[in-house]
Amino acid sequence: MTPQDLVERALGLSRTEGCVVLAQETSSTNLRWAGNTLTTNGVMRGRALTVIATVDGAEGTASGSLTRSNVGIDELEQLVRSAEAAARAAGPAEDARPLIVGGAPSPDWTDEPAVTTGAVFERFAPALGAAFERARAADRELFGFAEHDLVTTYLGSSTGVRLRHDQPTGKVEITGKSAARTRSTYVGQATRDFRDIDVDVLEAEVVRRLGWAERSIDIAPGRHDTILPPSALADLMIYLYWSSSAREAHDGRTAFSKPGGGTRVGERLSELPIELWSDPAYPGLECEPFVAAGSSGATTSVFDNGLPLARTSWISDGSLNALLQTRASAELSGLSLTPGIDNLMLAVPGATGSTDDLVAATSGRALLLTCLWYIREVDPQTLLLTGLTRDGVYVVEDGEVIGAATNFRFNESPIDLLGRISGASATQPCLPREWNDYFTRTAMPAVRISGFNMSTASRAN
Amino acid sequence: MTETHDVDPEFLALPHRQLADAALTRCRELGAENADVRVERHGSQLLRLRDGRLEGSSDSQDTGFSVRVVHDGSWGFAAAVDLSPEEAARTAERAVEMARLSRPLSTERVVLSDEPVYADATYVSAYAVDPFTVSEADKVALLAEWSERLLAADGVDHVDASSYAIKEQSFYADLAGTRTTQQRVRIEPEVTVVGIAPNGGGFETMRTLAPPVGRGWEYLLGTGWDWQGELAELPELLRERLLAPSVEAGTYDLVVDPTNLWLTIHESVGHATELDRALGYEANYAGTSFATFDQLGTLRYGSELMHVTGDRTTPHGLSTVGYDDEGVAAQQWDLIKDGVLVGYQLDRSMARLKGFDRSNGCAYADSALHVPVQRMPNVSLQPAANGPSTGELIAGVDDGLYVVGDKSWSIDMQRYNFQFTGQRFYRIRGGRLAGQVKDAAYQATTTDFWGSMKGLGGPQTYLLGGAFNCGKAQPGQVAAVSHGCPAALFQGINILNTVQEAGR
């Protein structure tokens with residue numbers, strides 16, 4: 001039975017006021033390596049069906065949602081009835097709104113799901129093998145991971161929604177270490193299909209950065225002018241994005257709450273005309289152009305399934321412009337309906353050049369990071385985050401990298417940082433390090449931050 | 001109530017043995033040296049209430065199987081969801097194909113350590129009421145009643161309440177003849193209250209300290225935790241925190257409650273004694289470890305009071321199991337004794353590689369679709385046999401802080417530099433508690449911190465804490481793990497003020 005058939009059959013079995021069915025076909029393949037040898041690998045197929053039933057009652061509408069893997073035709077009715085029972089048990093939902101009415105079905109609705117296999121690594125694997133050989137010869141060690149996933153989503157509803165989306169997601173990460181593992185660095189790249197992955201280019205960057213670290217320079221903890229490469233900025237902005245629930249801001253319990261009530265939407269966060277946005281159609285970072293939610297939460301609603309998504313500015317011209325919304329929270333907060341989108345971009349208008357150009361344009365001393373790691377919230381009132389620099393902190397002096405410092409623990413708020421940008425490169429696609437299990441589609445500039453708070457030193461190298 | 005159950009008949013009715021026979025036969029025909037098959041069914045249910053109303057629920061069940069082979073010295077792994085013997089044989093072929101793809105890129109030959117054969121073993125964890133047999137309406141009603149009671153209290157503006165229940169069922173079969181069938185249940189209830197200060201004075205939260213446990217729904221009804229007592233205290237604890245003075249940054253003696261210390265153990269001892277990290281297998285992701293293999297038996301990890309064990313046997317422990325995902329029986333062993341590193345967490349290939357007689361049973365995969373990797377057993381700090389109470393530890397401190405409950409956590413890629421906050425920090429003056437302070441974080445380097453442990457509580461202070469969400473490996477996997485510990489005293493620890501850290 002095809003996933004589309006399962007969706008139609010489940011909708012046909014529905015006996016309550018509303019029904020939404022989400023079928024997801026997943027395929028995934030990966031290679032993992034350490035110390036110049038492959039360690040684990042895998043090729044996986046998965047299939048899941050989520051049935052959401054809605055039930056109208058005297059006090060409002062309730063929803064129930066169940067997800068099962070590999071549902072057969074004989075188990076389908078039981079699944080629909082269980083979702084209906086869950087809806088009856090749940091009580092009226094605060095996020096209840098009429099289900100989205102479908103327009104024209106996706107043109108590829110009837111097509112088979114897209115699938116990936118180990119063949120995606122056809123060119124990559126031999127190139128990796130060659131890099132292992134060169135690393136062994138140069139007394140260097142490579143560690144890393146390559147993964148390619150394909151998820152095909154079919155979304156149908158009793159109100160006529162028939163939407164399909166194919167989402168390829170891929171990444172390569174390489175950690176390089178010198179002999180005796182005293183120096184360590186990292187490169188990462190997101191990809192949709194591995195055709196744009198050039199192992200030799202990634203390896204060359206590893207070699208360049210390990211070279212930078214041959215000279216170590218003592219830098220004490222404290223506030224330092226610091227160049228965050230796009231990957232590091234992406235990790236901080238993703239946390240800011242995830243923390244921008246309109247519902248919670250409205251409830252007075254986040255850094256985006258206005259003291260005394262309401263939200264900080266409209267407030268200036270940076271003197272620079274910074275733009276932070278999401279766009280399902282952003283070239284190279286395309287993502288799902290409609291809401292597909294298996295369960296409700298502060299920033300998602302099962303009732304919004306099928307809602308179209310369009311370019312949304314979260315920060316516009318340096319001011320907070322929008323927060324993560326459901327239809328329910330948009331009404332509650334009196335703000336625009338701006339649901340979450342699975343990519344994130346930041347631009348400093350007018351900024352040009354690469355990360356290297358930003359380094360070259362630095363006068364005096366600054367630190368250049370590789371990436372950030374273990375980012376956790378310390379204080380939700382200011383969105384103070386802690387975390388560490390990882391795999392290399394380089395010392396820049398008058399436009400040149402002159403050596404490496406130790407790693408540091410930082411304590412900083414991503415909101416605060418937006419007001420302390422003293423230089424930026426052009427926006428470029430990048431792979432976040434900390435959050436790339438969940439979020440890979442980002443494009444950011446490198447930015448220079450005044451007085452980045454390197455709170456304590458870390459002996460990790 | 002009895003805590004003894006059988007494996008659910010619905011799981012036993014799946015065609016495990018036919019799948020296993022089909023897959024293992026194909027693996028043998030294709031010349032695999034080793035092969036195993038896992039059939040897994042994982043159920044999970046998460047209920048979240050905001051201010052007494054159900055905000056969202058997710059209820060999922062994942063069933064699938066995987067075949068892992070060692071073929072010509074290389075690993076191969078493949079997984080699928082269609083539980084038919086034909087698909088099992090095809091999946092075995094895909095696993096061998098992956099091993100062949102890996103061969104030219106692999107320099108190490110995989111060999112597994114020996115383990116006795118367990119021909120037909122069954123294990124079911126100890127719980128009284130399977131949470132999946134309790135109606136969702138009853139569960140929501142209990143959490144809603146708790147929430148309403150808290151919302152009615154002075155100073156409580158919002159209440160989050162949640163219950164997260166998981167049931168894992170697995171069947172394992174390997175070429176050597178081991179066949180195990182297991183069922184484990186665990187649950188994580190949490191309640192957080194939020195108070196908003198008047199006149200734009202910010203907000204504070206206070207969360208229950210009740211740890212996640214390997215128990216069933218009975219846990220929320222009072223078995224193993226005093227929920228009524230804890231919920232009754234939350235509003236006053238929140239009120240006190242809202243009014244508390246900001247901590248003065250500096251150096252303090254800390255008495256750390258087991259509700260906070262378990263997480264410090266997890267991060268600075270649990271992860272650092274994973275042999276795969278020490279060998280570099282996690283270098284690209286979770287990180288490595290300062291506790292490298294060449295220091296086994298010599299590394300001074302902490303003060304002589306420090307005795308840390310690993311186990312997969314503690315009753316109600318989240319990592320407790322009958323057999324691991326490589327068919328190794330559950331064990332207990334020392335990781336740190338008298339303050340010295342004496343052991344690691346192992347799986348079968350690493351045990352063989354580094355010359356151990358046997359794996360200590362730490363292989364785990366979080367689903368049928370993921371390959372088993374070395375994951376954390378319950379890692380616990382043993383109490384002092386006749387050690388002091390928490391009150392006695394506090395009485396020995398002239399000027400310090402008492403830390404209760406975990407909150408924020410972060411540690412570096414080699415497990416040196418960590419920073420933790422807590423649910424509450426109390427000032428200690430002259431051996432007595434002198435009210436809460438806020439905005440505190442403690443920061444240290446692992447070996448300095450454990451070296452500063454100058455007081456260790458007795459068994460009466462011991463508590464089994466833990467987490468559902470320990471992450472490791474690529475693709476990312478999640479594991480649940482418990483950590484038992486007593487209260488303990490640490491001298492001369494760096495305390496940060498988080499408002500100053502934010503530059504305010």
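**Figure 1. The interface of chain A and chain B in the predicted model**. Between them, chain A and chain B of this predicted model bury about 7,000 Å², and 50% of that area lies on carbon and sulfur atoms. On the side of chain A, 86 residues take part, and they are in contact with 84 residues of chain B. The polar part of this picture comprises 48 residue pairs in polar contact between chain A and chain B, where both residues of a pair have pLDDT 80 or more. Within chain A, the element that gives the most to the side touching chain B is strand E2 (residues 37-57), with 11 residues. Sorted by kind, the residues on that side of chain A divide into 27 nonpolar, 33 polar and 26 charged.

**Figure 2. A salt bridge between A:Glu248 and B:Arg50**. The interface of chain A and chain B holds 5 salt bridges, and the close-up shows one of them, in which A:Glu248 is paired with B:Arg50. The closest N and O atoms of A:Glu248 and B:Arg50 are 2.8 Å apart.

**Figure 3. The surroundings of A:Arg264 in chain A**. A:Arg264 is placed in the loop that runs between helix H6 (246-250) and strand E8 (275-278) of chain A. With a relative accessibility of 18%, A:Arg264 counts as buried, because the cut-off for that term is under 20%. A polar atom of the A:Arg264 side chain lies 2.8 Å from the backbone oxygen of A:Ala255. When residues up to four places away in sequence are not counted, A:Arg264 touches A:Ala255, A:Phe256, A:Ser257 and A:Lys258, and also A:Leu269 and A:Leu320.

Note on methods:
Residues are numbered from 1 along each chain as its sequence is written. Chains are lettered from A and ligands numbered from 1 in the order in which they are written. This is a predicted model: local features need pLDDT of at least 70, side-chain atom pairs count only at pLDDT 80 or more; totals for chains, interfaces and linings use all residues. Side-chain values use heavy atoms; hydrogens and water are left out. Contact means heavy atoms within 4.5 Å. Buried area is the accessible area (1.4 Å probe) that two parts lose on being put together, summed over both. A salt bridge is a side-chain nitrogen of Lys or Arg within 4 Å of a carboxyl oxygen of Asp or Glu. A polar contact is a pair of N or O atoms within 3.5 Å; within protein, one must be able to donate a hydrogen and the other to accept it, and residues adjacent in sequence count only if both atoms are side-chain atoms. Helices (H or I, at least four residues) and strands (E, at least two) are DSSP runs, numbered from the N terminus. Ala, Val, Leu, Ile, Met, Phe, Trp, Tyr, Cys and Pro count as nonpolar, Asp, Glu, Lys and Arg as charged, and the others, Gly among them, as polar. Buried means under 20% relative accessible area, exposed over 50%, partly exposed in between (1.4 Å probe, protein chains only).
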